[in-house]
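Hi everyone, thanks for coming. Have a look at the structure on the screen, and then I'll walk you through a few parts of it.

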Amino acid sequence: MLATSIRPPTIDEVRKLTVSDIAIAAGLADSLRDRLREYVNIDAFTVTDPFGEKDDCNYSVVMDRENPNRIVAMIVNKKDSLPQLPWSAILGERLTRVSLSKEEAKALKHELMPKATGNFYPYRRAGRIAGYLMFAFQICGQR
């Protein structure tokens, strides 16, 4: 059943995810990465997390509509990046994307990926870094 109201999960809701939930999110993240590759180039190595004091970014999460507590990916877009991606084509019917504040994104990232830094893959459009991606298949445990 699809959720009627989509909002980012709270930290407590994320803590209640089961191993099955994380496995489903990881599978969805792998498919999302494949669809994203049709529009962007994803670097092979991770970089420092994009939560600096002076960054100029927009933060969002991709969630499973069937269980919005399952975060499939976190996306950090540079505000000066090229025109928006065709998100409806990329996400399809199963996934949705919701904007977050920097503080909300940082808290969720810390809960899902307690490793201090180096959790995000840069993605490029026209050779320039346009943003950063963190996928659920990177989750190796919860805080």
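**A hairpin and a helix**

Let's start with strand β6 (residues 128-135), which runs antiparallel to β5 and is joined to β5 by five bridges. Strands here are DSSP runs of E with at least two residues, helices are runs of H or I with at least four, and both are numbered from the N terminus; two strands pair if DSSP finds at least two bridges between them.

A quick word on the source: this is a predicted model, where local features need pLDDT of at least 70, side-chain atom pairs count only at pLDDT 80 or more, and totals for chains, interfaces and linings use all residues. Residues are numbered from 1 along each chain as its sequence is written, and side-chain values use heavy atoms, with hydrogens and water left out.

Back to the hairpin: two residues lie between β5 and β6, and A126 in that turn has a positive phi of about 55°.

Is β5 enclosed or open? Four of the five residues in β5 (residues 121-125) are buried, so the strand is largely enclosed by the rest of the structure. Buried means under 20% relative accessible area, exposed over 50%, and partly exposed in between, with a 1.4 Å probe and protein chains only.

Now helix α2 (residues 19-36): its buried residues include D21, I22 and L36, and β1 and β6 are among the elements covering the buried residues of α2.

Note on methods: Contact = heavy atoms within 4.5 Å.
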